[in-house]
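Which parts of a chain are covered, and which charged side chains pair with one another? Please look over the sequence and the structure before reading on.

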Amino acid sequence: MLKGAIVAFAALTSFYQATTVAWADGLDSLPPEERAHYEVVDPAIPLGPTELKDFVAKRPPPWKIGYASTYAGNTWRAAVLDEMTNVLLPKYKEAGLVSELVVTQSDLKDAVQIQQMRQMVDDGVDALIICCSNVTALNQTIEYAHSKGVPVFSFSGYVTSPYAISATENNAHGGYTAAKWLADEIGGKGNVLLVSGIPGFASSDSFDIGAKKALEAYPDMKIVGNVAGKWTDQVAQVEVQKFLATNPSQIDGIIVQSASENGVLNAVLQSGRDMMPIVLGGEASAACYWRKNPAMVSKSIHFWPPRGDARLVWDVMMRTLEGQGPKIQSILRPALQYTVEDVKEVLKEDCDENSTDWIEPKNDAWWPADVAAKYFERPEDPLAWRPKQ
């Protein structure tokens with residue numbers, strides 16, 4: 001028995017050593033200031049080296065890009081698509097690096113997204129962007145794309161396939177930041193309503209993991225309800241209205257995943273309750289209400305600015321196609337706080353409380369070029385890059 005225990009312990013030690021080595025090639029290859037953004041992270045997200053570190057595109061540019069989205073029905077998705085089709089695509093077309101962008105929507109059906117991805121690979125795309133997908137459901141399809149020389153890039157959520165790079169916000173850090181801010185905002189005690197995105201999707205579940213982790217440090221804080229806002233204002237408004245109507249207990253604050261905060265705000269206003277602190281993401285509609293009622297909250301938080309996220313995944317994709325050598329499988333961005341003074345810089349006093357626009361981080365702070373360079377072995381400006389003769 002003793003001999004067996006020693007063997008088992010040795011095997012377990014070897015497993016953890018192997019895991020540490022895998023991380024050392026990925027996470028530990030980043031400078032300390034970037035590794036700090038990974039201190040609060042979904043434990044399932046892969047942080048080792050990427051199979052695409054030495055990727056070489058199967059043909060020279062201009063490249064054909066596929067974008068397999070899961071959903072098109074909210075303001076966040078609309079802003080992402082607008083950034084890709086009307087800002088990024090024209091720039092990279094003019095530079096001779098991209099020929100076209102093929103876009104599909106799967107209406108939240110994994111099987112449909114899988115079919116659409118395989119079809120785009122068979123039709124000759126040179127890279128695939130996927131959005132907000134299931135953590136594991138697409139792994140076989142991602143491997144199929146890899147076998148055809150097509151790299152896959154996930155954003156606003158991660159995937160676990162070793163043949164993809166996730167270039168995304170750190171959703172666990174976002175949830176942690178939101179919950180900690182709210183706890184401090186209401187004095188460390190009270191009842192909280194949690195408005196999730198779509199349960200089962202990586203970004204939604206990771207956010208909730210982070211939020212619940214933060215509240216562990218506040219024994220007098222209690223999550224008294226959890227509804228799915230599905231990142232859509234109309235859905236969130238209905239769900240929060242139902243909750244408030246059937247739960248008369250006091251709600252001291254609401255943690256919200258964008259793009260739902262304007263729906264939550266309207267639900268509270270229509271409920272007749274006093275306005276409580278609500279976690280605001282980046283919707284300009286809710287930010288407009290805040291501008292007109294600055295005492296509502298002390299700060300807001302960028303979790304996943306749509307245009308910033310679009311530029312992030314596009315930049316990572318282009319650098320990889322150009323052979324710049326990504327260092328890690330999951331490139332994560334931390335939540336960024338902003339103030340009502342920042343809002344006043346971009347929204348006028350007569351702003352629209354029904355706007356479909358978004359507030360974005362200033363000066364491209366979500367993914368600045370000097371930070372991007374730290375995640376690649378051979379960094380250079382992807383827009384200025386040209387194939388060597």
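The questions and answers below concern a predicted model.

Q: Is Gly263 buried or exposed?
A: Gly263 belongs to helix 9, which runs over residues 261–271, and apart from residues up to four places away in sequence it touches Asp233 and Gln237. Its relative accessibility is 0%, and because the limit for a covered residue is under 20%, Gly263 counts as buried.

Q: How many residues of helix 7 are buried?
A: Helix 7 spans residues 202–215 and reaches 20 Å from its first C-alpha to its last, close to the 20 Å expected at 1.5 Å a residue. Its buried residues include Phe207, Asp208 and Leu215, and what covers the buried residues includes strand 5, helix 6, strand 6, strand 7 and strand 8. Helix 7 is thus described as mostly covered, and the number of its 14 residues that are buried is 10.

Q: Which residue forms a salt bridge with Arg319?
A: An α-helix has 3.6 residues a turn, so residues three or four places apart point the same way. The two partners here both lie in helix 11 (residues 306–321), four residues apart, about one turn of the helix, and both are buried. The closest N and O atoms are 2.6 Å apart, and the residue that pairs with Arg319 is Asp315.

Q: What is the N to O distance in the salt bridge of Lys344 and Glu341?
A: Lys344 and Glu341 are three residues apart in helix 12 (residues 340–346), which means that about one helical turn separates them. Lys344 is partly exposed, with a relative accessibility of 35%, and Glu341 is also partly exposed, at 47%. Their side chains meet in a salt bridge with an N to O distance of 3.5 Å.

Q: Where does Lys362, the salt-bridge partner of Asp342, lie?
A: Asp342 and Lys362 form a salt bridge whose closest N and O atoms are 3.1 Å apart. The pair links distant parts of the chain, 20 residues apart, with Asp342 in helix 12 and Lys362 in the loop between helix 12 and helix 13.

Q: Which residues are linked with Asp82 in a network of salt bridges?
A: Side chains of opposite charge can pair when their charged atoms come close. In this model the count comes to 17 salt bridges, and the network that holds Asp82 also links Glu83, Arg307, Arg311 and Asp364.

Key: Residues numbered from 1 in each chain as written. Predicted model: local features only at pLDDT ≥ 70, side-chain atom pairs only at ≥ 80, totals over all residues. Heavy atoms only, no water. Helix = DSSP H or I, 4+ residues; strand = E, 2+ residues; numbered from the N terminus. Buried < 20%, exposed > 50% of the residue type's maximum accessible area, 1.4 Å probe, protein only. Contact = heavy atoms within 4.5 Å. Expected span 1.5 Å × (residues − 1). Salt bridge = Lys/Arg side-chain N within 4 Å of Asp/Glu carboxyl O.
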